[in-house]
Amino acid sequence: MNRFRFSSFMLVAGLLFIYLPMLILVIYSFNASKLVTVWGGWSLKWYVGLLDNTQLMGSVMRSLEIALYTAIAAVALGTLAAFVLTRISHFKGRTLFGGLVTAPLVMPEVITGLSMLLLFVQMQQWFGFPEERGVLTIWVGHVTLCMAYVTVVIRSRLVEMDRSVEEAAMDLGARPMKVFFVITLPLIAPALASGFLLAFTLSLDDLVITAFLSGPGSTTLPQLIFSRVRLGLNPEINALATITVVVVS
């Protein structure tokens, strides 16, 4: 009985630790005061003010755009990598390839961002591309990071999948490409969706790699929030965070 009470207490305490700050954030998004931590009554003016804050809304749209393109590219490349690692059992450099694909999972983002920054600087000196750091370089960095996560998710689904259905279809005369689109793709669709959402979230939330690869005019939402923390947050950030929580919920 004591063990049950203790476990129940830890469960409730853990849930409160996670969700209570979110609840406080939602409440203070309706705060009429300009001070984030001082309650001044109920008001919706910060939600209305979001539409007039062009800098904040611009960073939001830029982050969503980068996250969408990152998720699409990461799913495409991650699916190809997962198929190579699961369906091609023997080829030279397989171990090296698997290690390179999953390296961003264990590599500190500071190292990844710095190395990619040096790469882009060297490419600019040699080839003149990219001309400047911006949305394109951020996108490449995010795809490099997110592809590793997507590969792991899809690879685990391919390993568990029963290949007898694919073999039966090929025995009946179906070509490999048709087998993939008609049989394999629907079976791994949940993994593709999970990988897409995971890549989208990681890209939308990333700050470290973005800080290394961004340039003038390419500020994302995490960068904007981080820069404003040192000067004091605007209650409009609480309103934006509340909208994000509601959409995710």
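1. Ground rules. The model is predicted, so local features need pLDDT of at least 70 and side-chain atom pairs count only at pLDDT 80 or more, while totals for chains, interfaces and linings use all residues. Residues are numbered from 1 along each chain as its sequence is written, and side-chain values use heavy atoms, with hydrogens and water left out.

2. α3 on α6. Helices here are DSSP runs (H or I, at least four residues; strands are E, at least two), numbered from the N terminus. Helix α3 covers residues 54–87 and helix α6 residues 135–160; they pack at about 40° with their axes 5 Å apart. The axes are lines fitted to C-alpha atoms, for helices over the stretch in contact, and the angles run from 0 to 180 degrees between N-to-C directions. That angle makes α3 oblique to α6; the label covers whatever is left once angles under 35 degrees are called roughly parallel, over 145 roughly antiparallel and 65 to 115 roughly perpendicular. In residue classes, the contact of α3 with α6 splits into 20 nonpolar, 6 polar and 3 charged. For the classes, Ala, Val, Leu, Ile, Met, Phe, Trp, Tyr, Cys and Pro are nonpolar, Asp, Glu, Lys and Arg are charged, and the others, Gly among them, are polar.

3. α5 on α6. Here the axes come within 11 Å and cross at roughly 135°, which again makes α5 oblique to α6. α5 passes α6 in a right-handed crossing. From α5 the contact uses Glu109, Met116 and Phe120, and from α6 Thr137, Val140, Gly141, Thr144 and Leu145, where contact means heavy atoms within 4.5 Å. These residues divide into 4 nonpolar, 3 polar and 1 charged.

4. The loop from α5 to α6. Worth a look on screen: the peptide bond from Phe129 to Pro130 is cis, with omega near -5°. Most peptide bonds are trans. Pro130 sits in the loop between α5 (109–127) and α6.

5. α3 on α11. The axes of α3 and α11 come within 8 Å and cross at roughly 140°, so these two helices are oblique to each other. Gln55, Leu56, Ser59, Val60 and Ser63 of α3 meet Leu221, Pro222, Leu224 and Arg228 of α11. By class, the contact of α3 with α11 has 5 nonpolar, 3 polar and 1 charged. Helix α11 (residues 221–229) has Leu221, Pro222, Gln223, Leu224 and Arg228 as its buried residues, and they pack against α3, α9 (189–205), α10 (208–213) and α12 (235–248). Buried means under 20% relative accessible area, exposed over 50% and partly exposed in between (1.4 Å probe, protein chains only).

6. Ser59. This residue of helix α3 is buried, with a relative accessible area of 2%. Not counting residues up to four places away in sequence, Ser59 touches Thr219, Thr220, Leu221 and Leu224. Ser59 and Thr220 are 161 residues apart in sequence, yet 4.7 Å apart C-alpha to C-alpha.

7. Aromatics. Rings of Phe, Tyr and Trp (its six-membered ring) pair if their centres lie within 6.5 Å; planes under 30 degrees apart are stacked, over 60 edge-to-face and the rest tilted. By this rule the count comes to 8 aromatic pairs. One of them, Phe30 with Tyr47, is tilted, at 5.2 Å centre to centre and 35° between the planes. Phe30 lies in the loop between α1 (2–28) and α2 (45–52) and Tyr47 in helix α2, so the pair ties together parts 17 residues apart in sequence. Phe30 is partly exposed, at 25% relative accessible area. Trp126 and Phe127 make an edge-to-face pair, 6.3 Å centre to centre with 90° between the planes, and both are exposed. Tyr28, Phe30, Trp39, Trp42 and Tyr47 form one aromatic cluster.

8. Asn238. Found in helix α12, Asn238 is buried, with a relative accessible area of 8%. Leaving aside neighbours within four places in sequence, Asn238 is in contact with Leu25, Tyr28, Ser29 and Val36. The C-alpha atoms of Asn238 and Tyr47 are separated by 9.2 Å, although the two are 191 residues apart along the chain.

Terms used: A crossing is left-handed if the near helix is turned anticlockwise from the far one by less than a right angle, and right-handed if clockwise.
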